[in-house]
Amino acid sequence: MTENAAEERGQAGLPAHEQVYRNLREAVLFGALAPGEPVTIQGVVERLGAGMTPVREAIRRLTAEGALQALGNRRIQVPVLCSETVEDLTEARLALEPRLAFRAAECAQAEDIAQIAAIDARLDKAILRGDIEGYLRENHAFHAALNEVARAPVMQALTESLWLRFGPSLRVVCGQMGTRHLPDCHKDLIKALDRRDGAAAARAIEQDVAQGMEMILNSL
C-alpha cells in the first residue's frame, strides 16, 4: 500500500470517510452534539481533525438518516424533539424492540447472555460513578448486543436509526437527573434470557423503553 493510500484509510482499516461518519455519528448518538446545536462542515473538520470531503459526506448521510436536520440556506442542526416526535419514536421503538428481545430470548447462547451481563455490569459501575458518558455508551451497547442476538438485521437497523434520533435528548435527561434515577429493567431482561422466556424478555424491554422515553418527554 502506498503512503497516500495508507493516509486515506482511517482507524481499524476503515476508509477515512467511513471513520469520519462513525465518529460524527457517535457524537450525535451520545449527545456530544446537543439538540439545536448547529453543525457546520468547518466545525466538524476542527472537532474531528478530518478533511472537508469526508466530513461533508458524513453530514449528508446523517441528515438522510434523520440524525441531523436540514433547515434551509445550507444550515444543519441536531434536531430538537417535540412531544409529537417523542410519542412517534416511542411507538416505533415499542413496535420493534420488544419483538427483538423476544427473538433474542429464543436465539441466545450462553456466551451471548454472558456478554450482555458483562455490559450490564459495566453499566452499573458507570451509574455508581455518575459517569454520564459511560452510562450512555454502555446502555447503547447493552441494547445493541441484545438486538444483535435476535438475528433480525432489518429490525435491528431500523431500531438503530431510531436511537440516533433520541440520543442527544437522552443526554439532556442524564444531565438534568444524573444517572442514578434512570430506568433500568436490564436485570429482568437477563433473567428472561436465562430462562429462554421470550414473553418476559419482551415485557422487560417494553417497560425499559416506555420509562426512558417518558423521561425524555417530561424533559421537553
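Of the 220 residues in the protein, 45% are buried, where buried means under 20% relative accessible area, exposed means over 50%, and partly exposed lies in between (1.4 Å probe, protein chains only). The model is predicted: local features need pLDDT of at least 70, side-chain atom pairs count only at pLDDT 80 or more, and totals for chains, interfaces and linings use all residues. Residues are numbered from 1 along each chain as its sequence is written, and side-chain values use heavy atoms, with hydrogens and water left out.

The protein has ten helices and two strands; helices (H or I, at least four residues) and strands (E, at least two) are DSSP runs, numbered from the N terminus. Their order along the sequence is α-α-α-α-β-β-α-α-α-α-α-α.

The radius of gyration of the protein is 18 Å, which agrees with the value near 17 Å that a compact globule of 220 residues would have. This radius is taken over C-alpha atoms, and the globule rule is 2.2 Å times the number of residues to the power 0.38. The C-alpha trace spans about 50 × 45 × 35 Å along its principal axes. Among contacts (heavy atoms within 4.5 Å) between residues at least 6 apart in sequence, 74% join residues at least 24 apart.

The accessible surface comes to about 11,200 Å², and carbon and sulfur atoms hold 51% of that area. Accessible areas come from the Shrake-Rupley method with a 1.4 Å probe; for residues, only the protein chains shown count as cover. The protein carries 25 positive and 31 negative charges, and their mean positions are 1 Å apart. Lys and Arg count as positive and Asp and Glu as negative, while His and the chain ends are not counted; each charge is placed at NZ of Lys, CZ of Arg, CG of Asp or CD of Glu.

Helix 7 covers residues 132-149. Its 18 residues reach 26 Å from first C-alpha to last, close to the 26 Å expected at 1.5 Å a residue, a span taken as 1.5 Å times one less than the number of residues. Its buried residues include Tyr-135, Leu-136, Glu-138, His-140, Phe-142 and His-143. The buried residues of helix 7 pack against helix 2 (16-29), helix 5 (83-107), helix 6 (110-129), helix 8 (153-177), helix 9 (186-195) and helix 10 (198-219).

In the loop between helix 7 and helix 8 lies Arg-151, which has a positive phi of about 55° although it is not a glycine. Asn-73, also not a glycine, has a positive phi of about 55°. Asn-73 is found in the loop between strand 1 (69-72) and strand 2 (75-77), and it counts as exposed because its relative accessibility is 74%.
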